[in-house]
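Here is a short report for a reader meeting this structure for the first time. Keep the sequence at hand while reading.

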Amino acid sequence: MHNNFIKHFIVGLIIFSNLSFGKEFNELFTIYEPIENSSSIESSINSSFNNLIFRVSGSNSPSNIWKIINSGSSRKDFITSYSIKNYDGNSFLEVKFNQDKVISKFKELSIPIISHSRPVIFFLIEVESGSETSYFISQESNTAFDNIFINTLDRLSKQRGIFLELPIFDLEDQRILSDSNILSSPKEYLISKYDFDNLLDIKLINLGFNEWSFSGDINAAISSGSYKTDIETIFLEHLESIISAALKDLVIDTTNVFVTKIHVRGINSYEDYKISKDKLLKLIAISDLEILSFKNNTIEYKATIMGDMNSLQRDVQNNSFFDINNLNKSEALNLVYLK
């Protein structure tokens with residue numbers, strides 16, 4: 001099923017950071033676009049490019065796409081490779097874009113950009129249907145009703161490049177949640193198990209025939225024969241506003257460029273140097289590195305940075321290859337390379 005592929009896709013993108021905020025969206029420049037047959041490759045490529053610009057810029061304004069096209073570049077100029085993949089009977093065009101070329105074009109056209117470091121929004125969605133004991137929707141839920149939420153989260157997570165997560169219940173969780181004598185506050189128990197930037201706490205209650213009510217972080221009443229569509233619309237609209245707010249403070253101003261020093265400790269071989277430098281240059285905030293010195297297993301770089309020091313630190317903090325040692329008075333960034 002399409003839904004199963006998206007679940008596996010999202011899980012495959014996650015690289016957990018050592019901190020309690022943010023994760024690195026590792027395949028930021030890879031788009032999986034549904035495709036019906038080989039004759040629709042061209043349109044799927046166009047669509048994948050549009051989705052990439054949406055994901056990387058954080059804005060769904062078509063003006064960014066037309067700025068790029070009108071600058072003399074074609075969509076295919078930014079593609080590294082593409083191929084058709086089949087998952088659970090569904091076909092997808094996997095399109096990999098060249099990060100350096102995309103970033104360079106964003107800088108040339110002064111289009112703001114959002115890096116690999118993306119926030120985590122955790123969802124506690126409690127359902128009280130009236131026909132059974134209230135429950136929390138989990139990633140493993142498979143009812144048609146629960147899939148309204150799961151599919152919406154999966155789709156927007158993929159489109160926007162942001163982590164929208166539901167709880168995952170193991171056998172111990174199921175036992176504890178079902179035993180009211182053990183657990184007085186299931187919400188506190190679930191919240192304590194996860195790291196996230198934002199929590200969305202929602203309760204959906206069935207008030208009667210075709211009547212439902214949202215409470216918590218969403219407040220709305222529904223009375224309609226098409227209540228499932230109404231529930232999805234209300235949830236989607238709120239989710240879009242939450243995502244836009246979460247990404248707003250992460251935008252890197254590509255017109256703001258400055259130079260700073262970066263010290264990387266823990267370089268014990270040429271292989272360490274090569275890998276660590278490649279990982280640094282993968283950070284969107286860093287556009288150029290020049291070696292100034294190498295002594296005592298520490299490399300000193302002169303680095304050209306887009307945005308500001310906060311965006312650089314955020315990128316590094318949510319990267320699994322470096323730890324920030326400290327910022328000294330001269331504003332040099334001191335890192336430890338993690339093997």
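**Ground rules**

This is a predicted model, in which local features need pLDDT of at least 70, side-chain atom pairs count only at pLDDT 80 or more, and totals for chains, interfaces and linings use all residues. Residues are numbered from 1 along each chain as its sequence is written, and side-chain values use heavy atoms, with hydrogens and water left out.

**Confidence**

pLDDT is the predictor's confidence in each residue, on a scale from 0 to 100. Its mean over the protein chain is 85. A value of 70 or more is reached by 91% of the residues. Residues 1–20 stay under 50. For that stretch the model has 48 contacts beyond four places in sequence. Contact means heavy atoms within 4.5 Å.

**Cores**

A nonpolar core is a set of buried Ala, Val, Leu, Ile, Met, Phe, Trp, Tyr and Cys residues joined through side-chain atoms within 4.5 Å. Buried means under 20% relative accessible area, exposed means over 50%, and partly exposed lies in between (1.4 Å probe, protein chains only).

The largest nonpolar core has 47 residues. F29, F97, I262, V264, L280 and L312 touch the most other members. Helix α2 gives the most to this core, with 6 residues.

F97 sits in strand β5 (residues 90–97). Helices (H or I, at least four residues) and strands (E, at least two) are DSSP runs, numbered from the N terminus. Not counting residues up to four places away in sequence, F97 touches F29, I31, S48, F49, L52, R75, F78, I79, T80 and V102. Its C-alpha atom is 21 Å from that of F163, 66 residues apart along the chain. With sequence neighbours within four places left aside, V264 contacts L280, N297, T298, I299, Y301, F322, L335 and Y337.

**A helix pair**

Helix α2 (residues 41–57) packs against helix α5 (residues 144–160) at an angle of about 85°. Their axes are 7 Å apart. Axes are lines fitted to C-alpha atoms, for helices over the stretch in contact, and angles run from 0 to 180 degrees between N-to-C directions. The two helices are therefore roughly perpendicular (65 to 115 degrees). N51, F54 and R55 of α2 meet K158, Q159 and R160 of α5.

**Single residues**

How accessible are F97, S117, F209, S110 and N297? The table gives the values.

| Residue | Relative accessible area | Class |
|---|---|---|
| F97 | 5% | buried |
| S117 | 5% | buried |
| F209 | 76% | exposed |
| S110 | 39% | partly exposed |
| N297 | 39% | partly exposed |

S117 lies in strand β7 (residues 117–118). Beyond four places in sequence, S117 contacts K23, L250, R314, D315 and N318.

F209 is in the loop between β11 (198–208) and β12 (211–216).

Backbone angles come last. Most residues other than glycine have a negative phi. S110 has a positive phi, near 55°. S110 is in the loop between α4 (99–108) and β6 (113–114). N297 also has a positive phi, of about 60°, although it is not a glycine. N297 belongs to the loop between β16 (286–295) and β17 (298–306).

Technical notes:
Angles under 35 degrees count as roughly parallel, over 145 as roughly antiparallel, 65 to 115 as roughly perpendicular and the rest as oblique.
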